[in-house]
Amino acid sequence: MKLEAFPLEFQGAMPILRKLQNAGYEAYYVGGSVRDILLNKPIHDVDIATSAFPAEVKELFHRTIDVGIDHGTVMVLTKEATYEVTTFRTESTYQDYRRPDHVEFVRSLKEDLKRRDFTINALAVGIDGTVIDLFDGLEDLRNKVLRAVGNPYERFHEDALRMMRALRFVSHLGFTLEPDTFEAIQEYHSLLAKISVERINVEFVKLMMGSFREAGLRSFVESECYIYCPGLRDYGEALLNFAELRGPAIPTERQAWTLLMTMLNMEAKDIRHFMKEWKCSNQLIREVTEMVPALNFRLEHEWDNWTLYQLGRELALSVEYLLYYFDREPNLPKVRLLYQYLPINSLKDLELKGNEVMEHFDYPRGPWISKTLSTLEKEVVEGRLENSKEALLDFAQDFLEKERL
């Protein structure tokens, strides 16, 4: 099989392959970019594999960076882009289920491809467009089957994260796991305990955001991989309920986590601890802890000024979009309009500042200042109080008298 046309991304890297070949080395496009071209999907990274050893690559190209030279990878810089060029290699045993004990550089493309995870990722394309398929990856692409290269037990023992990658590919591509590959995941799922949470997190988020997440999440539960993911051991049924939510691919990571927390019926006070276990960023945790109660509110009520104001425009739009997954029709234009016509959008928009409150009222400095401002803020947002200095001071006077400061 030959590619009828090279995508622009491959054309940009063509001079690198030509230079390697002109110097007497083999060079190919490999991996996910080849798979995605054949599936008519966008390409994200162009990876090049070559028979040239790292030192030989560096001799040919004057602008390089040693990004992973111990594993054979040299980054070649061109005027337009950067490309990772990796030497054909074989790998020894994996004592920690994620890194080979020893990497050996070789001149054989077949030796390099047979160490890869799945047949659909073990394809290479030559400079003339010929697709090199040594493990029936093209047939698996046609049949939409995800199959480990060679012995699946060996592949998952080498790097246990490949099990999560398999589930992620099911979620993104809608492929079916080949029976032996699935059985190996079922048998080896406990090896995920050996993998760092950060690496599992990346694959799990992609799994949640796939266009075929129902199939991916079902396989995630049926293989029992979920048991060895942070905090999920007792949530198999809830994960299946999550899988059953109908709707398009989840657009953002914060929306994916918000849906997950909602389906796990996670209390707001527990969300932070749960997401910390997953090594999520503080910003993401903050956003999700605000979005989960807002989503629960929105499923029962229309937006009100105070809820919308507290959440902010972007998070409110994110929450509104999630109605898709509960058989409700989101109304994003309405949310934009409601937010646009809020009396204020933040405390700094209030016509009365903290220092003015202190100067006007002869009280010792204390928490009464922030309490007064918070009360004024809510009254203005909910439309019960005009946002003018005079009206705010009058209300503050009455408020403080009632507080008996």
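Student: What makes Cys 280 count as buried?

Tutor: This is a predicted model, so every value here is computed from it. Cys 280 has a relative accessible area of 8%. Buried means under 20%. Therefore Cys 280 is buried.

Student: How many disulfides does the rule give?

Tutor: The count is zero.

Student: Why is the contact between Asp 66 and Lys 58 called a salt bridge?

Tutor: The rule asks for a side-chain nitrogen of Lys or Arg within 4 Å of a carboxyl oxygen of Asp or Glu. In Asp 66 and Lys 58, the closest N and O atoms are 2.9 Å apart. The pair therefore qualifies. Asp 66 is partly exposed at 39% relative accessible area. Lys 58 is partly exposed at 32%.

Student: What makes Arg 147 and Glu 178 a salt bridge?

Tutor: Their N to O distance is 4.0 Å. The cut-off is within 4 Å. The pair is therefore counted as a salt bridge.

Student: Which parts of the chain does the pair of Arg 147 and Glu 178 tie together?

Tutor: Arg 147 is in the loop between β10 (145-146) and α6 (152-158), while Glu 178 is in the loop between β11 (176-177) and α8 (179-188). The pair therefore ties together parts 31 residues apart in sequence.

Student: Are Arg 147 and Glu 178 buried or partly exposed?

Tutor: Arg 147 has a relative accessible area of 31% and is partly exposed. Glu 178 has 12% and counts as buried. The boundary for buried is under 20%.

Student: How do you know that Arg 218 and Glu 214 form a salt bridge?

Tutor: Their closest N and O atoms are 3.6 Å apart. The limit is 4 Å, so the pair passes. Both residues lie in helix α10 (residues 213-222), four residues apart, about one turn of the helix. Arg 218 is partly exposed at 26%, and Glu 214 is partly exposed at 28%.

Student: How many salt bridges does the whole structure hold?

Tutor: The search finds 27. A network of salt bridges links Glu 154, Arg 155, Glu 158 and Arg 162.

Student: Where is Arg 115, and what separates its C-alpha atom from that of Glu 158?

Tutor: Arg 115 sits in the loop between α4 (109-113) and β8 (123-125). Arg 115 counts as buried at 13% relative accessibility, because the cut-off is under 20%.

Student: Why is Glu 390 called exposed?

Tutor: Its relative accessible area is 60%. Exposed means over 50%, so Glu 390 qualifies. Glu 390 lies in helix α20 (residues 389-403).

Student: Which residues form the negative surface patch?

Tutor: Glu 386, Glu 390, Asp 394, Asp 398 and Glu 401 form the patch. Asp and Glu count as negative, so the patch is called negative.

Definitions and conventions
Residues are numbered from 1 along each chain as its sequence is written. This is a predicted model: local features need pLDDT of at least 70, side-chain atom pairs count only at pLDDT 80 or more; totals for chains, interfaces and linings use all residues. Side-chain values use heavy atoms; hydrogens and water are left out. A disulfide is a pair of cysteine sulfur atoms within 2.5 Å. Buried means under 20% relative accessible area, exposed over 50%, partly exposed in between (1.4 Å probe, protein chains only). Patches are made of residues with over 30% relative accessible area and no salt bridge: like charges are joined within 9 Å, nonpolar side chains (Val, Leu, Ile, Met, Phe, Trp, Tyr) within 5 Å. Accessible areas come from the Shrake-Rupley method with a 1.4 Å probe; for residues, only the protein chains shown count as cover. The place of a charge is taken as NZ of Lys, CZ of Arg, CG of Asp or CD of Glu. Helices (H or I, at least four residues) and strands (E, at least two) are DSSP runs, numbered from the N terminus.
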